[in-house]
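Dear colleague,

I am passing on the structure below, followed by notes on what was found in it. Please read the notes alongside the coordinates.

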Amino acid sequence: MEFQHERERIFALDEQGKLVAEVTFPVSEGVADIDHTFVEQSLRAQGVAGQLLDAAVRQIRMEGLRAKATCSYAAKWFKEHPDQSDLL
């Protein structure tokens with residue numbers, strides 16, 4: 001799956017242009033708040049949400065930002081990836 005990157009959002013569209021996966025992380029005062037993760041039902045349990053979070057973490061790091069996880073999936077992801085917790 002190819003993700004499209006914007007400053008505070010990473011997402012994927014299907015062939016018809018419909019949103020099928022998304023993570024948003026609005027930035028305020030140097031902190032990216034990972035506040036929303038969405039994966040269309042037909043794509044769930046295939047690792048797409050994890051790929052989104054991994055891409056978001058890479059982008060947040062590249063921009064030199066810190067992160068906080070107010071999205072429940074993101075909070076769970078960071079617990080499962082303690083090697084990334086230094087970003088929080």
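Helix H1 (residues 48–62) has 15 residues and spans 21 Å from its first C-alpha to its last, close to the 21 Å expected at 1.5 Å a residue, where the expected span is 1.5 Å times one less than the number of residues. Helices (H or I, at least four residues) and strands (E, at least two) are DSSP runs, numbered from the N terminus. This is a predicted model, in which local features need pLDDT of at least 70 and side-chain atom pairs count only at pLDDT 80 or more, while totals for chains, interfaces and linings use all residues. Residues are numbered from 1 along each chain as its sequence is written, and side-chain values use heavy atoms, with hydrogens and water left out.

Among the buried residues of H1 are Leu52, Leu53, Val57 and Ile60; buried means under 20% relative accessible area, exposed over 50%, and partly exposed in between (1.4 Å probe, protein chains only). Within H1, Asp54 and Arg58 lie 4 residues apart, about one turn of the helix, and their side chains meet in a salt bridge at 2.4 Å, N to O. A salt bridge here is a side-chain nitrogen of Lys or Arg within 4 Å of a carboxyl oxygen of Asp or Glu, and the count by this rule comes to 7. Asp54 is partly exposed at 33% relative accessible area, and Arg58 is also partly exposed, at 46%. Just after H1, Gly64 takes a positive phi of about 70°.

Turning to the strands, two of them pair if DSSP finds at least two bridges between them. Strand E1 (residues 4–6) and strand E2 (residues 9–13) pair in the antiparallel sense over 3 bridges and form a hairpin with 2 residues between them. E2 is also joined by 5 bridges to strand E3 (residues 19–24), again antiparallel, and in the turn of that hairpin Gly17 has a positive phi of about 90°. Glu6 stands opposite Arg9 in E2, and the side chains of these two residues meet in a salt bridge (3.5 Å, N to O); Glu6, Arg9 and Glu22 are linked in a network of salt bridges.

A further salt bridge, at 2.6 Å, N to O, is made by the side chains of Glu63 and Arg7. Glu63 lies in the loop between H1 and E7 and Arg7 in the loop between E1 and E2, so the pair ties together parts that are 56 residues apart in sequence.

Finally, 3 strands form an open sheet of mixed pairing in the order E4-E5-E7, with E4 (27–28) and E7 (66–69) as the edge strands, each pairing on one side only.

Best regards
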